[in-house]
Amino acid sequence: MIRISRRRALLALGVGSGLVVAAAGAGVALVDAEVLPGKSVLNNTLGRCDAAAPAAALRGTPGPIVTGTMRSVRRRREVGFAIAYPPGYAAGAALPVCLALHGYGSDARGAIGCAGYPDFIAGAVRSGMAPFALAAVDGGNGYWHPHAADDPLGMIFDEFLPLLRTRGLDVSRPAVAGWSMGGYGALLCGLTRPDTFAAIVASSPAIFHSYADAKRVNPGAYDSAREWAAYDMTARARELTGLPVHIAIGAADPFAPAVATLRGRMADPSAVRVATGCHDGRFWTWAAPDQVRLIGSALAGRS
């Protein structure tokens, strides 16, 4: 029989526990570096996605949502659209407007409801903010830039804004907001028509490090390396100078490193706000109340 002293057993247990802790730490590092899968689970477990929920008092009862379809020559198809009015207003109201650009896999109705914007608009209007409408259109999954057979960016300027004008909305100087792919689209709108927007708000913009990175994450984002180069946001960061750009992103968002690169190249890095959160609705809802008030103020003071 082999006898092991209590002291030796405790020492062995201590060494074993240390090895377990070291192995666990190494595992976390590998998951963080995306060498191993499970990054989103790890972020949630460690509380990295715990963006605070806005106070219920900031919400209100939204007004009506009007939906419809239009034939888009730019997109070569029928597309849906939605317009959300603040409480006390209805279709035909002469209100300023904020475009809402949806993320990948979503649509106009998804954009209208994203982050609870209609509720926060209603709450802000109740507190004295000047009202505005929220308008969205189906942009597909092509990252809001022109492709050979699909031009959602051209649709926004040449078709959707004119349609909103025929419905009584004031599109002389709109705002634009977007989430994920739509956040990138909002920034692209600002670069494309720098004199058009009163506010450009991007939540967790889906910005890539490179064409190879974009192809790995979403093969349909760009049709070629040449197309990528034309719409590479970080390469054009200096063009954002002087524009009313406001970017919010969670520190644990997978796009945060690329956004950090963008921030480093911007003339005004303070336009980028980084806070606790992931690439999800919790973070977008946390950011929404401040964004809604910023948009309302910009639209009220537009020239």
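Analyst: H5 and H6 are oblique to each other in this predicted model. The angle behind that is roughly 60°, and angles between 35 and 65 degrees fall in the oblique class. H5 covers residues 152–166 and H6 covers residues 181–192. Their axes come within 11 Å. The crossing of H5 over H6 is right-handed.

Now the residues at this contact. H5 supplies Leu153, Ile156 and Phe157. H6 supplies Leu188, Cys189 and Thr192. By class, five of these residues are nonpolar and one is polar. No charged residue takes part in the contact of H5 with H6.

Next, the disulfide. A search of the whole structure turns up one. Its partners are cysteine 49 and cysteine 278, with an S to S distance of 1.9 Å. The cut-off for a disulfide is 2.5 Å between the sulfur atoms. The torsion about the S-S bond is about -75°, so the disulfide is left-handed. Cysteine 49 sits in the loop between helix H2 (39–45) and strand E1 (65–72). Cysteine 278 sits in the loop between strand E8 (272–275) and H10. The pair therefore ties together parts that are 229 residues apart in sequence. Cysteine 49 and cysteine 278 are both buried.

The loop that holds cysteine 278 leads on to H10, and H10 has a packing partner of its own. Helix H10 (residues 281–300) packs with helix H4 (residues 117–126). The angle is about 50°, and the axes lie 9 Å apart. H4 and H10 are therefore oblique to each other. Their crossing is right-handed.

On the H4 side, the contact residues are Tyr117, Phe120, Ile121 and Ala124. On the H10 side, they are Thr285, Ala288, Pro289, Gln291, Val292, Arg293 and Ile295. The contact of H4 with H10 holds eight nonpolar residues, two polar ones and one charged one.

The contact of H4 with H10 includes one charged residue, whereas the contact of H5 with H6 has none.

Key
Residues numbered from 1 in each chain as written. Predicted model: local features only at pLDDT ≥ 70, side-chain atom pairs only at ≥ 80, totals over all residues. Heavy atoms only, no water. Axes fitted to C-alpha atoms, helices over the stretch in contact; angles between N-to-C directions. Helix = DSSP H or I, 4+ residues; strand = E, 2+ residues; numbered from the N terminus. Parallel < 35°, antiparallel > 145°, perpendicular 65-115°, else oblique. Left-handed = near helix turned anticlockwise from the far one by under 90°. Contact = heavy atoms within 4.5 Å. Nonpolar A, V, L, I, M, F, W, Y, C, P; charged D, E, K, R; others polar. Buried < 20%, exposed > 50% of the residue type's maximum accessible area, 1.4 Å probe, protein only.
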